Every structure is written in C-alpha cells, then in structure tokens.
Amino acid sequence: MQTFDLAAEGLRALNATLQKQNGTTNQTAWEVVNPKGSHALAVGLDAPIDVTVKGSTGYYCAGMNKQATIRIHGSAGPGVAENMMSGTVIIEGDASQYAGATGHGGLLVIKGNAASRCGISMKGIDIVVQGNIGHMSAFMAQSGNLVVCGDAGDALGDSLYEARIFVRGKVKSLGADCIEKEMRPEHLEILRDLLDRAGFDANPEEFRRYGSARKLYNFDVDNASAY
Amino acid sequence: MKDKTEPKIPQTVPRQSWTFSNEVNSEIRRAAATGIYDIRGGGAKRRVPHFDDLLFLGASISRYPLEGYREKCVTEVTLGTRFAKKPIKLDIPITIAGMSFGSLSGPAKEALGRGASAAGTSTTTGDGGMTEEERGHSKTLVYQYLPSRYGMNPDDLRRADAIELVVGQGAKPGGGGMLLGQKISDRVAKMRNLPKGIDQRSACRHPDWTGPDDLEIKIMEIREITGWEKPIYVKIGGTRPYYDTTLAVKSGADVVVLDGMQGGTAATQDVFIEHVGLPTLACIYPAVKALQDLGMHRKVQLIVSGGIRTGADVAKALALGADAVSIGTAALVALGDNDPRWEEEYRKLGTTTGAYDDWHEGRDPAGITTQDPELMARFDPIEGGRRLKNYLKVLTLEAQTIARACGKNHLHNLEPEDLCALTMEAAAMARVPLAGTDWYPGKNGF
C-alpha cells in the first residue's frame, strides 16, 4: 500500500503520480490521506489500480476515471465520477449534486444518499444508490442503469432516452416522457447483477422500473406542451 | 354640345407595408400552416452594425506606411500563454470555429483540417466528439467541451492541442441545440451514444457546474486531467461581454472566445437567431475593456467570431483589441456551401444560392452539411481543403495590406486609433470617432 499525504505533497503531484500508473508494477494500491474536501482528486486515471481516499472530497473526484477502483471513505462533493469511462467508484457516505454526470461506463456505488441530478445525461454508466436521490435525477439520461434502493425526488428521468431506472421506494414525480414500465425477467436479472456488484442486499422483486415513453424522440408540435 | 367624359383618375402604385412585408407575411402563412416555428442554420441575416461601418484611416504625413510586398508585417499569434505549458502558436490570427461532426459530414471536417493546417492555423471540433478525419488532418486541433458531452472522453482531451469550454454561442446565447433525426446516421448515433434516427438535443447548460465559481473548479479538473499542458478556451455568446469576459478570466481561462450574433449555428429557431444576442461589433470593446481593467489584455487572448468575411474584417477586429478571429460560415462558403453551381437543386428545395440555410435537414446539395452518402460523395475534401487554404491566405494578405497602410509591422499593432466610424451606432459600439470628427457618442458625457 502506497500512502500519499495530500496536505504535504499537493494535488498536482497526486494526480500526476496516479496518472502515471499503468497497473503492471506492484504499486497498485494507494491510500490518500488528508483530502480535506479538495477538488479534482484522482481524476483522469487510466490503470487497474485501487485508490482509497481517507476522508471527504470536493468537486469532481474520480472525474473521467478509466479502469481504476476509487473508494471514498467519506462523502463526495458535486460531480463525483463525472464522465467516468470504466472502473468502479465507491462512496461510503453521501454524494452531492451531479453524481456520475455524463458517465460513459463503469460502476458508481453510493452507500448514502445522492443529491439532485444524480446520473444527469448518463451515457452508459451504472449507478447504484443505497439511499435516496434528489430531484431531476437521470435528466436526459441516454443509456446505462440507475438503481435507487430508497426514494427518488421530483421529475425523475425527465426527457429520458434509453437509460433504465429502478427504484425500490417512492418516486415523488416523474419528469417529461418518463413512465413506469413492466419489470420483465431480463430486467430483474440486470438489477440483481447490479445489486450484487454494489454489495447491496436487496430483493429485485421490490423495485419498479422506469423508462422513456419515447414520445419526445422526434420533435412533434403536438407534444410541445410536454416541455 | 360638348362631349362630356369622366376625368381619368391616376392610380397609386400598390403600396406594400414595411411592417407586414412579403417576407413577414410569408412567415405568418408558414406558421399558420404548420403550427411550428421556423428552424434554420446560419447566423443573423438582418442588417446590424458591423465592421462595414468602420473604415481605416491609413497613413499620410502624420503617420507613415510600410512598403507593400517589401516590408514585413507579422501575422503569427500565440494563444494560451497564461497557464498552459504548451501554448498554441499559429502562423495567422484566423482560426476555424467549432462545427460538429454530425452537422457536417466527415469529408467536410477533413477539408477544414486540411485547409487550416495548410494555412498554419487551427480547427475546432464541435458537438459530437472528435473524428479521426479531423484529428488526422488537423495539425492544431481545438477540442470543444460542450454541455452535451457527446463523445467526450479523456483520451481525446489529451489528443487535443487546446480545449474550448463552450458556454454559449452568438447565434443562440442561452440556447442549446438540436440535431434532427434525419442526420443521425449509424456513425453519428454511435459517437453520441443514442439510437439512430432520433432528434438529439444538446443541452443549454453544462450538467455538472453552475456559475463562475463552479467553472473555475471545472477548468482546474480539466487541467489536472491533461497535466496543465493544454490552453483552456472559454467560449461565450455575445450578451454581456464585459461581465462574461471578466468572469471567464476569473475562472482561469487562458483564452476567451467571443461570438457575436452573426455567428452561425447548425440549427435553431429563426426567432432566436434574429432576436437574441449582440452584434459582433458591439461585443469587442466591452470585452477588451474588461481585459484591460483586469490587466489581462494580451495575457488572456481574445478570439472574436461572428460575421468575419474579409481581411478588412480581420484587421478591424484586431484593431479593436482582439488577438485573433474565428470563421465558420465563411469557411463553409469557401468549401462550396451555397455555391451557384447547385442553383437548380437549391430551387427544388424552395430556396436559392446564398439563401440556403436548412442545413439541419441533411439535404445539402453541396454535400457539406449532410450525412447522406450520395450527397457527401459530391464533396472532395482535398479540393475543399485547397480552397479553404486559399481563402485563409487571401484574408491574411488583405489584413496585412491594411496594416502596412497604417504603418504597422504586426497585425497586433493595429489599434482603435487607426479606425473611424461611418455611423453613430458603430461609433458608439466600437468607441471610435465618427468619421471626420474626434467624437463618439458618450464621449465627454455627450
């Protein structure tokens, strides 16, 4: 285990060091201490390494991650794992706004709650939240899966494309063009796999599935009132 | 008995309403028939105060000129000198603006790269991500970071020579975009991670930041991902250029790109294009003033776009304080857009050469703003690149000609003092004297 003291060595040195890793050496496990809510921690990584941040982070932790597994032993600020391409990001606490925004791939696990706009414009990422999520989550979500073990706030899945949303608790309201859909066996299988990978003990049968009604896919003046 | 005939009363010429012109009435009829607003490409078509309303004074006894064809007039520019480890050095201060693959064909993007590289300047991606045609043929490529994040990935960020964080554009400041389904080919759909054939909305706001404090952190994240190597541009539409430029600088921009309302777009509502935003001419003075007030003029570079057509436009923008200009619509025309050779086909589409602006429909006879394989095949990227290079060279030569006539051995030495205005409006916007006077509106409180 390599330990990196952010307070002593600074952000640029941390990111440069982690970005240089290629996963072929024995330096595959890293621990970052004294994060103190710093922004842009462990961004742009591209190697199968394991990074543990001992504390809470500011904006954009694990941004554009590829391959790496990043664990945050605290809560995460806005935009955690934004535009993630692959790999895994696990947050022990809560996540602020825009968690997993525009993510193209990988798995984001949030053990606490996620604030508004979780999974906004997601493009293939899988997000599993053990708690609740805030309003406007999965806005314009294109693909991937958003799993919520708790409740969802207002306007869930507004202007949704092909992303799937699974919610176990209550949904305060659905956004434009987002509807509840039948939970078929293949969806239960997808959900079971996601819950397993996230390490959450939950029964897929208790969830409901939401998706796009696909009425806004091509502009039609008769749908103008939906916007 | 005298013949009695009624006197013939002269008829007045039928009078058309200025308010309800034929053009206006045709739009009313179109709206009444369809129930939907008009969507089109391009920038503002209305007449607004522009560079044509300024003149250079030239040299005489009080100023002496440089010899054309003999004395040097430098044109190079360096962009991104504030924070980036690897600023961009261009031979000419005329860059190619961002235009997306999707709105343009792959060969058209290739031609832009070829032409820009041959002329010693940069080209810019656009919504939809970076294509191999463009990266492969562009010596210097600026990668746009847009609200949609279509195709965004860290590998392309690192392959770029600079990164342009797009907040807005002049044709539709405050608006997003829509690439209609008919242009969504398999390739475009795959790059954008959406099904083929559906309309693709480009958001008007970034999904993961709001306001200048967030923007500062976002810029820092991008710098951290790219090792602080790349110049970071911030592109804004012309709305409140003084404050927006100030905030872009505060947020850490290396370069501010300022786009006026004549700047083009692939598609948006005509009412938006014509009624929102500032003319390019009105944007430059406030932006330069903001940089000067911050002590950052020439340290944070300013690129101006929106309606640049000639070397005179280039020279005027630089004289007002810009470091470089950017062209989009003019570059497409140089490639062959709206060319009279396609007049018969334009007429079939209900338009005519010079007026064709339904780029979003994907039926461009010139094969430039389309994804239709048959139409795309009409466009030769090598010839297109050659034409663009020629055009960029002409713009540069024209700007140099004017600069020498003003006694300047570098295009950046042009200054507001070299200019006068033909109209009160232009004088007020550009803060240069009305021709033959030493006054502009507002000077000394009048």
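Modeller: Start with helix H6(B). Its buried residues pack against H2 of chain A and, within chain B, against strand S7 (140-145), helix H4 (154-159), strand S8 (162-166) and S11. Keep in mind that this is a predicted model.

Biologist: Which residues of H6(B) are the buried ones?

Modeller: They are B:Leu215, B:Ile217, B:Lys218, B:Ile219, B:Met220, B:Glu221, B:Ile222, B:Arg223, B:Glu224 and B:Ile225.

Biologist: What comes just after H6(B)?

Modeller: B:Gly227, with a positive phi of about 65 degrees.

Biologist: What does H6(B) touch in the sheet, and at what angle does it run to S11(B)?

Modeller: H6(B) packs on the sheet by touching S7, S8 and S11 of chain B. The direction of H6(B) makes about 145 degrees with that of S11(B).

Biologist: What is the strand order in that sheet?

Modeller: The order is S5-S15-S14-S12-S11-S8-S7-S6 in chain B. These 8 strands form an open sheet, and the pairing is parallel.

Biologist: Why are strands S5 and S6 of chain B said to stand at the edges?

Modeller: Strand S5 (94-96) and strand S6 (122-124) each have a single partner strand, so one side of each is left without a neighbour in the sheet. From one strand to the next, the twist averages 30 degrees.

Biologist: What makes S12(B) and S14(B) a pair?

Modeller: Pairing needs at least two bridges. S12(B) and strand S14 (residues 301-305) are joined by 5 bridges and run parallel. They therefore count as paired. Within that pair, B:Val256 stands opposite B:Leu302.

Biologist: Which helix touches S5 and S6 of chain B?

Modeller: Helix H2 (residues 106-119) of chain B packs on the sheet there. Its direction makes about 155 degrees with that of S6(B).

Biologist: Why is helix H7 (residues 241-250) of chain B called mostly covered?

Modeller: Count its buried residues: 7 of 10. They are B:Pro241, B:Asp244, B:Thr245, B:Thr246, B:Leu247, B:Ala248 and B:Val249. In chain B they pack against helix H6 (211-225), strand S11 (232-237), strand S12 (255-259) and helix H9 (280-293). B:Gly252 follows H7(B), with a positive phi near 105 degrees.

Biologist: Now chain A. Why is strand S7 (residues 123-129) said to be largely enclosed?

Modeller: 7 of its 7 residues are buried, so the rest of the structure largely encloses S7(A).

Biologist: What are the pairings of S7(A) with S6(A) and S8(A)?

Modeller: Strand S6 (residues 107-110) pairs with S7(A) in the parallel sense over 4 bridges. Strand S8 (residues 143-148) runs parallel to S7(A), with 5 bridges joining them. Take A:Val128 in S7(A): A:Val109 stands opposite, and in S8(A) its bridge partner is A:Val147.

Biologist: A:Lys123 lies in S7(A). What makes A:Lys123 count as buried?

Modeller: The cut-off is 20 or more C-beta atoms within 10 Å. A:Lys123 has 28, so it counts as buried. Beyond four places in sequence, its contacts are A:Thr102, A:Gly103, A:His104, A:Gln142, A:Ser143, A:Gly144 and B:Asn193.

Biologist: How many residues does each chain give to the contact between the chains?

Modeller: Chain A gives 35 and chain B gives 22. On the chain A side, helix H2 (11-20) and S7 each give two or more residues. H2(A) gives the most, with 3. That side divides into 17 nonpolar, 13 polar and 5 charged residues.

Biologist: Last one. B:Gly42 is in the loop between strand S1 (39-40) and strand S2 (54-56) of chain B. Is B:Gly42 buried or exposed, and how do you know?

Modeller: Buried. B:Gly42 has 25 C-beta neighbours inside 10 Å, and the cut-off is 20. Leaving aside neighbours within four places in sequence, B:Gly42 is in contact with B:Gly264, B:Thr329 and B:Asp357. B:Ile273 is 231 residues away along the chain, yet the C-alpha atoms of B:Gly42 and B:Ile273 are separated by 8.2 Å.

How values were computed. Residues numbered from 1 in each chain as written. Chains lettered and ligands numbered in written order. Predicted model: local features only at pLDDT ≥ 70, side-chain atom pairs only at ≥ 80, totals over all residues. Buried ≥ 20, exposed ≤ 12 C-beta atoms within 10 Å, placed from the backbone. Contact = placed C-beta atoms within 7 Å. Nonpolar A, V, L, I, M, F, W, Y, C, P; charged D, E, K, R; others polar. Axes fitted to C-alpha atoms, helices over the stretch in contact; angles between N-to-C directions.
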